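Open the model in your viewer and keep the sequence panel beside it. The stops below say what to select next and what is there.

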Amino acid sequence: MNTDYLKKYSKKIEHDAIQQVRFERQQWLQRKSNHNYEKALHAIPSFQTSHLALEDIISIGNPEELSSEQQKTLQQVLETYIPWRKGPFNVFGVSIDSEWQSHMKWDRVLPVLDSLEGKKVADIGCNNGYYMFRMAAHNPELVIGCDPTARYYYSFHFLQRFAQLPCLHFELLGIEHIHHYPSFFDTVFCMGILYHHTDPISMLRKIYTSMKPKGQLIVESLGIPGEESMALFPKKRYAKVPGTWFVPTESCLINWIRRAGFRQVSSFFGKELTTDEQRSTTWAPYESLKDFLDPNDSSLTVEGYPAPWRFYIQARKP
Ligand SMILES: C[S@@+](CC[C@H](N)C(=O)[O-])C[C@H]1O[C@@H](n2cnc3c(N)ncnc32)[C@H](O)[C@@H]1O
């Protein structure tokens, strides 16, 4: 793991606490279930590709840079990291059509986003790094992506072995550790995260702690339609997704963010989720949105709850 930034900023962040969590999480990677991911990571020697396009389809590497043997290995490596939830990517000519058309989310965020030039940025729940690569195109000083899922750690690092973007760093930390970077970040992205936590307000407060005054917060969340400030609390699952706790209306989400201390809180997008954005593909060959909705009434989930919307909020630390 690239530890350079920790040394460089050791006086500004809670270096020992982060090291401690890092140490624990590195033990996770030793688990047998991760052996295939680890092996795949090193299956092709690392080099800096001459082809990098950080656009809607993130394109890393030209096919000619690999031998025909390496091309075969590449296909196996990329299949090892299935499901590819976020993307799309093109890796040395192999097109990865991910479950989510993640560029749609990025296109909605971009018009309201502060310049990232020279900034310190956190992407909480960064998955395979799709948005980190998009951020890198804006010349930030540093992007720290946090995600505690081993498969995403490995898929990000596989891509980064060829992209070699020095500003990008992946930590196996969760949102619950973000306060170990006190007053550190200029911009924090918290997209697709809050409804997975039992206490979204505490998580927002931790984010607040991690941000510099005047810093910009971008929150994107699953939600339900409705004018009232309320959150749905599913009996067990919501749209078949386990670990879903509070699913807010837009005004409820705004109120959470305001009451966590943020100001200039405003919504910039809200719409029901469609299968144009989330669907099953050969690179994510599992159930997806279509299977989560009532087949006779797409305004409801299979559990009979209101079908999912997505809300986008921006806010500032005063
Ligand atoms: C719904 S996805 C959202 C991914 C991405 N941010 C996006 O908006 O497309 C949720 C992500 O959160 C990650 N995650 C799980 N537990 C987490 C935690 N405690 N803190 C931060 N992220 C977590 C998952 O591994 C997954 O990549």
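**Stop 1**

Select asparagine 127, found in the loop between β5 (120-124) and α6 (130-136); helices (H or I, at least four residues) and strands (E, at least two) are DSSP runs, numbered from the N terminus. This is a predicted model, in which local features need pLDDT of at least 70 and side-chain atom pairs count only at pLDDT 80 or more, while totals for chains, interfaces and linings use all residues. Residues are numbered from 1 along each chain as its sequence is written, and side-chain values use heavy atoms, with hydrogens and water left out.

Asparagine 127 counts as buried because its relative accessibility is 9%; buried means under 20% relative accessible area, exposed over 50%, and partly exposed in between (1.4 Å probe, protein chains only). Although asparagine 127 is not a glycine, its phi is positive, at about 55 degrees. Most residues other than glycine have a negative phi, and most peptide bonds are trans.

Now show the ligand. A polar side-chain atom of asparagine 127 lies 2.9 Å from an oxygen atom of the ligand. A polar contact here is a pair of N or O atoms within 3.5 Å; within protein, one must be able to donate a hydrogen and the other to accept it, and residues adjacent in sequence count only if both atoms are side-chain atoms. In the side chain of threonine 149, an N or O atom is 2.6 Å from an oxygen atom of the ligand. The protein covers 84% of the 590 Å² of accessible area that the ligand has on its own (Shrake-Rupley method with a 1.4 Å probe; for residues, only the protein chains shown count as cover).

Which residues come nearest to the ligand? Of the 17 residues around the ligand, they are Lys105, Gly125, Asp147, Thr149 and Met191, where near means that a heavy atom of the residue lies within 4 Å. The space taken by the ligand is the largest pocket. On a 1 Å grid over the protein atoms alone, a pocket is an open set of points with protein on both sides within 12 Å along at least five of seven lines, whereas a cavity is a set of points where a 1.4 Å probe fits but cannot get out; lining residues have an atom within 4 Å of a point. A molecule sits in either if more than half of its atoms lie within 2 Å of its grid points.

**Stop 2: lysine 105**

Move to lysine 105, in helix α5 (residues 102-109). An N or O atom in the side chain of lysine 105 is 2.5 Å from an oxygen atom of the ligand. Is lysine 105 buried or exposed? Lysine 105 is buried, because its relative accessible area is 6%. Leaving aside neighbours within four places in sequence, lysine 105 is in contact with Tyr131, Met191, Glu220, Glu277, Arg310 and Tyr312; contact means heavy atoms within 4.5 Å.

**Stop 3: proline 140**

Draw a C-alpha distance from lysine 105 to proline 140: the two are 35 residues apart along the chain and separated by 19 Å. Proline 140 lies in the loop between α6 and β6 (142-146). With 8% relative accessibility, proline 140 counts as buried. Not counting residues up to four places away in sequence, proline 140 touches Leu116, Gly118, Lys119, Val121, Met135 and Cys167.

**Stop 4: two cis peptide bonds**

The peptide bond from isoleucine 82 to proline 83 is cis, with omega near 5 degrees. Proline 88 lies in the loop between α4 and β3 as well, and the bond from glycine 87 to proline 88 is cis, with omega near 10 degrees.

**Stop 5: serine 59**

Serine 59 is in strand β2 (residues 58-60) and is buried, with a relative accessible area of 11%. Its side chain makes a polar contact of 2.8 Å with the side chain of histidine 51. Asn90 is among the residues that serine 59 touches, not counting those up to four places away in sequence.

**Stop 6: glutamate 303**

Finish at glutamate 303, in the loop between β14 (297-301) and β15 (309-316). Glutamate 303 counts as partly exposed because its relative accessibility is 31%. A polar contact of 2.8 Å joins its side chain to that of threonine 301. A polar atom of the glutamate 303 side chain also lies 2.9 Å from the backbone nitrogen of alanine 239. Tyrosine 238 is 65 residues away from glutamate 303 in sequence, with 6.9 Å from C-alpha to C-alpha.
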